[in-house]
Amino acid sequence: MTADVLFWLFAALVCGGALGVVVTQNIVRMAFWLILSLGSVSALFFLLGADFLGAAQLLIYVGGTVVLLVFGVMLTASGPYMQIKTSAADGLLGACVGGLLFLVLVSSISGMDWSQLHTTNTTPSVIAERPEGNTLRPLGLAFLGLRPDRPVTEGSEVKPAPGYLLPFEIVSVHLLVVLVGAAYLARAKRRANPSNDSLSA
Amino acid sequence: MESVGLNAYLFVGAVLFVCGIVCMAIKRNGIGVLMGVELVLNSANLNFVAFARYTPLGLDGQVIALFVIVLAAAEAAVALAIALNFYNNHLTIDVDRGSELQG
Amino acid sequence: MNGLFAATSISEFLSGLKLPFAGSLSPLWVLLIAALIHAVILINIFAILPLFYIWLERKVAGRIQDRLGPTRVGGKFGWLQTLADGIKLIQKEDLAPGAADRWIFRIAPYLAVIASFAAFIVLPFSDGWVAVSLDVGVFVILALMSLEVLGIIFAGYSSGSKWALFGAMREAAQMVSYEIPMALCALVPLVIAGTLNFGEIGRMQAGLMHNWLIFHDPFTFIAFFTYFVTATASVKRAPFDLAEAESELVAGFHTEYSGLRWSFFFMAEYASMFAVSGIAVLLFLGGWHTGIDLEASMAGFRGWMPDFLVPGFTLGNYLVNLFGAKVFVLKACALVFVQIWVRWTLPRLRIDQVMTTCLKYLVPISCVLFLGAILWPLLLASTLKRTTILENAPPLGRVIVGDAAAVRPLPTGMASSPQQEAAE
Amino acid sequence: MDTGTVLRNLLTLAWLLPLAGFVAEIYALQLRWSHRLSKAPAQLAVACIGAGFLCSLSALLYWGNETKWVGFAPVEHHTPAEGLDGGDTAPADALRPDATGGEPASEHHHQTPKFYAGTFYKLAQFGPLEITLDWYIDSLTLVMFTMVTFIATCIHLFAMGYMKDELTEEYEDHQVHLPGGHHFTRPGRFHRFFAFLSLFCFSMLGLVLAGNIFQVFIFWELVGVCSYLLIGFYVERHSASTAANKAFIMNRVGDFGFLIGLMILITSLGTFRFFDVTTADGAEQTGLFSLVRGDDGKLDISDDPSVTKSVVYLRDSHGHRLVDGTTPRTISYLLLIAAGLGVFAGSIGKSAQFPLQTWLPDAMEGPTPVSALVHSATMVAAGVYLAGRFYPMFPPEVLLGIAYIGCITLFVAATIAVVATDIKKVLAYSTISQLGYMMLGIGVGGWAAGLFHLVTHAFFKSLMFLASGSVIAGCHHEQDMRKMGGLRHKMPITAYTMLIGVIAIAGLAIPGVGNALFGQALAFSGYHSKDAIVASALAFSELNRNPLHNILFIVPLVTAGITAFYMFRLWFMTFAGQPQDEHVYEHAHENPAIMTAPLVILSLLAAGCAIGGEDGWLYCLLSFSETVPTVDRFTSERVASIVIPSHLDARDVHGTAGGLALLAAFAGTTVAYLLYCRKVVNPDDIRRQAGGVYDFLVDKWRFDTLYDVAFVRPCHIVASWCQGFDQKVLDVVLHASAAITIVVSKWERTFDEGMVDGLVNLIGNSTTNFGRSLRVVQTGRLRQYVMWIAVGVVVLFAALFTALPK
């Protein structure tokens with residue numbers, strides 16, 4: 001009951017924030033709605049027992065990515081409160097396609113009987129056992145290459161399943177590459193046409 | 001026992017996804033398109049975490065979601081760099097202006 | 001049990017409470033009432049601390065500048081000067097410039113305050129005195145504090161003023177940059193502690209002062225100072241207060257603000273100062289412990305007067321915890337005093353110097369510290385057959401045990417055992 | 001290590017050292033290890049071949065020591081107590097009942113193996129046929145190795161002096177005239193000469209060491225290549241290049257027969273190996289010799305009297321007939337003859353036998369050390385060596401052919417030598433003549449005698465060639481004997497070493513003196529060996545009732561006299577008498593020690609190597625390795641009635657033959673002395689008197705003319721016919737077809753351009769147009785793409801939902 005109320009609250013915030021992003025024309029307001037939406041998603045993560053993930057969502061998305069976006073907005077703003085308006089036709093078309101897409105998604109979600117999944121796999125879910133969260137240690141061990149929550153029987157010996165050490169390392173290297181690449185891409189360059197600096201789009 | 005189940009989260013994810021797609025489709029501002037991408041990624045994450053909670057997917061769902069977050073951060077950094085370049089070249093962030101690849 | 005949005009003691013207390021007319025409360029109501037109680041307590045702390053700090057800042061600044069500071073309102077020391085200022089600000093007109101994006105202009109201070117306030121949710125003041133005892137507490141508090149910058153950016157951007165915009169830009173760049181060394185420095189004691197739960201970290205520093213994590217090894221010692229520098233920068237205190245550099249940008253991002261909204265930024269700033277200092281106290285300086293092991297002597301007092309007023313409430317325990325909270329707040333205030341002291345002592349850096357300090361010095365230093373903190377226990381394990389030179393430090397993971405050769409596969413279900421220990 | 005391994009290692013070392021030297025010398029200049037004026041290549045070559053000689057000599061001595069020197073001592077032939085082979089039913093027994101006491105060597109056969117053999121390396125395997133690198137070492141191999149390496153060492157040393165002209169950056173070739181009266185000038189080729197010499201030695205040694213006939217063929221051809229390179233060393237001289245070509249091409253003619261013989265062998269016998277091997281799985285692979293000769297050295301011929309139907313049964317080394325299933329393995333007798341003749345054809349080419357002898361005199365165009373090497377120890381010896389090595393494979397009919405070829409050759413060459421005036425040409429013809437002796441000896445059953453002569457001849461002929469080279473070098477490349485004379489005063493060492501060689505080849509002896517000392521006449525080597533051959537020939541002609549075969553004895557006897565005549569003619573014309581050409585005489589001088597020392601060494605060996613004659617160590621060594629016992633007569637009646645005399649037969653007539661030969665030699669010597677030293681009769685008068693004969697001889701029996709008429713001109717005529725046919729018929733047809741093709745292609749072009757291109761262009765254009773129409777879809781607008789993706793997903797899902805049943 002408690003969780004239900006909270007869920008509906010944050011679900012409403014998520015959906016409202018997302019809709020706000022779509023509807024708003026002002027890019028900074030869009031960023032605000034985005035923050036609202038993503039922050040609420042992180043709250044949903046907490047509700048789903050993924051506390052580490054929720055914190056990560058807050059730190060990386062809301063605190064990092066969105067700040068970066070807003071930063072980008074400021075850097076690319078050619079005038080105060082720049083608005084690049086979406087034409088009504090575009091909006092209508094988008095709404096139609098989006099509506100259709102939503103219908104497709106909803107029909108596939110509702111057409112699926114998820115409860116079958118529980119019967120097909122007997123392995124208990126670590127998350128289900130621990131609805132309040134505390135997934136930090138299992139996640140950390142998984143990234144270090146061990147899955148104590150998912151034992152594998154090899155002969156008579158019970159061992160932890162292999163985890164995600166290699167993907168973890170790959171992602172780390174990937175991040176480094178992206179860091180260098182982004183720095184290279186965004187480095188200061190001569191503008192294409194310096195005389196047009198002050199002109200707004 | 002809980003009235004809120006997997007489907008509820010999936011519906012939220014669907015809304016998020018559709019909003020993201022529509023955002024990508026209708027926003028002429030490049031940064032706005034990026035925001036749409038973030039929404040889409042978040043909807044996927046939400047679904048993963050929901051599956052982790054309600055299906056035997058377990059911890060794997062969270063691990064994948066974490067990877068998605070990390071990669072999304074990387075994507076945002078690169079995309080922002082591209083947007084800055086775009087702005088440097090076109091003096092605008094309107095993606096409709098960047099149609100040099102028109103056939 | 002660590003609840004998510006429900007605090008342990010009060011909610012349990014409420015759920016166990018038998019009301020004369022309605023019987024036991026439904027969980028939703030328990031949650032709501034508990035949350036409300038917490039919020040009220042925290043908002044009081046959140047509001048009163050800035051009042052005190054602003055007064056302190058004035059007095060300290062005055063003393064450092066060889067003058068008296070406020071002396072009139074509320075007695076000889078001007079105790080109520082801040083309160084008077086607050087009343088004045090509430091009375092002021094809530095202005096919004098014509099060029100402003102009003103909607104965001106109005107929301108921005110709330111964002112800053114909410115972010116700053118949210119940090120207090122997971123900050124324990126004493127043993128168990130925490131609104132939400134999260135397993136990823138440190139991570140969450142860092143995440144929440146990083147949100148404060150959003151409010152500032154929005155404020156600067158929506159003001160429609162170039163000064164505000166510059167301030168916001170600087171703030172954004174500075175915050176995004178300083179978050180990295182700050183998090184890395186916070187990781188250094190965390191590596192030792194092996195947990196992100198503030199409660200556990202605080203408990204493991206009980207006893208004499210050498211148990212404090214700052215004295216654990218040379219890297220934590222340096223990490224404390226590095227953390228303090230980055231924390232000062234991340235709450236945009238001088239000498240890193242480029243976002244509101246009066247000499248260049250009028251007042252930076254809050255140039256266009258006035259009245260209560262303006263005071264919100266200051267509440268957020270001073271509360272953040274306390275929050276980062278609290279984090280430093282918890283991570284490095286022994287939390288609510290005195291460091292001279294007074295707790296051990298007070299241990300017998302904990303059982304004094306059980307079931308005081310209501311069943312389950314032990315007065316002795318409460319008083320001991322209250323003492324701990326006082327110790328904690330004192331330590332944090334000492335650190336805040338240092339921040340104030342630094343503000344009025346050091347000149348402000350240029351923005352490029354700020355960025356250079358972070359990217360060229362603090363980031364490498366913190367990386368080295370992090371590496372060293374990881375290698376230190378390994379070094380000890382290979383030489384002293386143990387992971388720390390302290391006797392009651394927690395085991396550093398189970399993989400490396402005292403016997404260096406015994407690297408065993410983890411037993412199934414091991415992941416859950418630390419939690420069970422912590423819950424006991 | 002057992003004896004075989006030791007011998008193999010030593011001989012392999014001796015064999016491969018010259019190859020290493022060749023590689024080093026060839027690359028020395030390219031890799032700047034050495035410069036053109038350096039003597040290092042020559043020293044390296046000498047070192048290689050000298051080391052090879054030491055290896056060979058030590059191998060020979062080691063072998064002798066290991067075998068208790070049985071091979072060096074004469075075999076007692078008349079010990080009837082030993083080896084009573086009662087089951088011996090060879091036809092020879094019927095003729096010679098007392099020969100049952102034969103098989104004297106059988107004891108040695110059991111004690112010491114006659115040969116050591118093995119395989120170096122398997123090159124390839126085609127079904128049952130293995131191509132391998134084998135080694136086969138018996139006393140013949142050892143003697144040949146020692147002889148070849150020794151003579152080669154001497155010649156190398158000599159060449160270091162002889163070729164020093166080449167140690168220059170600008171060698172002026174006086175025999176190549178350029179327009180404008182200049183001589184051709186080129187960089188010296190000192191290193192190249194020695195590289196070729198080294199390669200030559202390597203090839204020859206490989207041939208001797210070879211353990212199968214295919215390997216022999218490989219090195220046979222290598223020897224041919226080397227001779228080509230060396231004869232054509234002065235490649236700018238037209239005569240030299242022509243001579244090299246001639247040598248090579250005439251050898252090809254012989255090799256053609258060789259190849260045919262090889263093919264017959266491989267198809268009929270299925271192996272190239274000389275010896276038997278036991279493979280890893282225990283199966284025994286019988287080699288050529290055992291297949292044909294079994295264990296007792298006899299051909300197992302079927303009783304069918306018809307020559308076309310008679311077959312030779314193949315046997316293994318134990319004398320058992322080999323069976324293929326139930327039918328015995330055989331080879332047709334005629335085929336065996338054909339194979340033998342084929343292989344011998346190779347020998348004809350290589351050893352310059354009639355009718356392929358004409359290349360050898362021309363090959364004198366090479367530098368004199370080359371002549372010495374090619375015409376004494378190596379190349380021409382290879383032919384005789386092959387005939388000797390392959391002796392077990394020759395049925396009597398082939399031997400008869402060999403004998404006749406040798407007989408004709410020795411006479412023809414000797415007669416030409418009488419009139420030759422070029423000092424090297426005389427020696428060349430004498431070489432051919434002596435090779436004829438060897439072949440004759442092998443052909444009439446004197447196997448050991450032929451090879452004996454091969455070795456002795458190698459020594460004295462190399463001596464004489466080097467001496468002639470010394471003369472030529474001393475007289476500034478003057479080769480005409482008519483311009484010499486009296487040179488013994490100027491170059492005494494050369495003259496008297498040459499005299500030793502001349503006496504040796506002439507076969508002079510002092511009959512009475514030596515008997516006490518050696519049991520033989522006191523004589524130089526040539527006497528003994530020639531004696532043995534003539535004795536074999538006499539025995540052969542006596543045993544065979546066919547009177548025609550008498551010429552096989554008479555001709556060599558007469559030729560012995562002629563040999564003595566022309567050799568002494570050479571010596572007298574060159575060294576004795578009065579100087580004929582003042583210019584030449586004045587400039588003549590003795591050569592440095594590096595050239596005379598080999599002469600002295602060789603003269604000692606030429607004089608003494610055959611000491612003891614047929615009881616001496618050299619002959620014994622050679623006869624030790626006889627594959628086919630010659631103690632029995634061997635009779636064949638298939639094609640012609642032939643009796644191959646036994647060794648004993650030859651011994652019986654030895655005294656007669658030796659006496660007659662000595663008489664002939666003295667006669668020849670006397671005539672030469674009278675004509676050319678005493679000048680009793682002016683040779684020119686005789687020349688004028690017998691003008692026709694003289695011209696015939698000067699024209700080398702008109703062989704070149706005959707070949708010109710018989711082969712070259714018909715070839716030219718046929719070629720001109722072919723050319724005419726080409727021009728008149730083929731060209732016309734071709735031109736016509738070309739014209740037709742052009743017309744057809746013109747039509748095709750129209751078709752291509754109209755139809756095919758049109759079709760292709762249509763497809764291409766329509767594709768382009770379609771692409772153009774699709775181009776508008778690619779707007780470059782990001783948002784539209786996203787929209788299309790979304791629409792696509794919707795449509796896809798809608799299709800799925802409608803198509804798939806729930």
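**Figure 1. Chain A at a glance.** Let's start with the contacts inside chain A: among those between residues at least 6 apart in sequence, 45% join residues at least 24 apart. Please keep in mind that everything shown in these views is a predicted model. Chain A has eight helices and two strands. How much of chain A is buried? Of its 201 residues, buried ones make up 42%.

**Figure 2. Chain B, built from helices.** Chain B has three helices and zero strands, so its pattern along the sequence can be written simply as α-α-α. Of its 103 residues, 64% count as buried. Among contacts in chain B between residues at least 6 apart in sequence, 46% join residues at least 24 apart. Take a moment to look at α3(B), whose 32 residues should span 46 Å at 1.5 Å a residue. Its end C-alpha atoms are 45 Å apart, which agrees with that expectation.

**Figure 3. Where chain B meets chain A.** This view turns to the contact between the two chains, which takes 67 residues from chain B and 79 residues from chain A. Which helices of chain B supply at least two residues each to the side that touches chain A? They are α1 (6–26), α2 (30–54) and α3 (59–90) of chain B. The largest share of this side of chain B comes from α3(B), with 24 residues. Sorted by class, the residues on the side of chain B that touches chain A are 49 nonpolar, twelve polar and six charged.

**Figure 4. Two helices from two chains pack together.** Here helix α3 of chain A (residues 51–76) packs with helix α7 of chain C (residues 162–193). The angle of this packing is about 145 degrees, and the axes of the helices are 11 Å apart. The crossing in which α3(A) passes α7(C) is left-handed. From α3(A), the residues that make the contact are Val67(A), Val70(A), Phe71(A) and Met74(A). From α7(C), the contact is made by Met169(C), Ala172(C) and Val176(C). If you sort the residues in this contact of α3(A) with α7(C) by class, you find seven nonpolar, no polar and no charged.

**Figure 5. Trp15(D) and its contacts.** Trp15(D) is found in helix α1 of chain D, which covers residues 3–30. Is Trp15(D) buried or exposed? Trp15(D) counts as buried because it has 27 C-beta neighbours inside 10 Å, and a residue needs 20 or more to be called buried. Leaving aside neighbours within four places in sequence, Trp15(D) is in contact with Phe202(D), Leu205(D), Gly206(D) and Leu209(D). Now pick out Phe202(D): along the chain, Trp15(D) and Phe202(D) are 187 residues apart, yet 5.6 Å separates their C-alpha atoms.

**Figure 6. A hairpin in chain D.** Strand β3 (residues 171–177) and strand β4 (residues 183–186) of chain D run antiparallel, and four bridges join them. One pair to find is His177(D) with its bridge partner in β4(D), His183(D). Together β3(D) and β4(D) form a hairpin with five residues between them. In the turn sits Gly180(D), which has a positive phi of about 100 degrees.

**Figure 7. Helix α26 of chain D and what covers it.** Helix α26(D) runs over residues 654–678, which is 25 residues. At 1.5 Å a residue this helix should span 36 Å, and its end C-alpha atoms are 34 Å apart, which agrees. The buried residues of α26(D) include Ala657(D), Gly658(D), Leu660(D), Ala661(D) and Leu662(D). Further along, Gly668(D), Thr669(D), Ala672(D) and Tyr676(D) are also among them. What covers these buried residues? The cover includes α18 (492–506), β11 (509–510), α20 (525–543), α21 (551–575) and α27 (683–689) of chain D. Lys679(D) follows α26(D), and the phi of Lys679(D) is positive, near 60 degrees.

Note on methods. Residues numbered from 1 in each chain as written. Chains lettered and ligands numbered in written order. Predicted model: local features only at pLDDT ≥ 70, side-chain atom pairs only at ≥ 80, totals over all residues. Contact = placed C-beta atoms within 7 Å. Nonpolar A, V, L, I, M, F, W, Y, C, P; charged D, E, K, R; others polar. Buried ≥ 20, exposed ≤ 12 C-beta atoms within 10 Å, placed from the backbone. Expected span 1.5 Å × (residues − 1). Pairing = 2+ DSSP bridges. Axes fitted to C-alpha atoms, helices over the stretch in contact; angles between N-to-C directions. Left-handed = near helix turned anticlockwise from the far one by under 90°.
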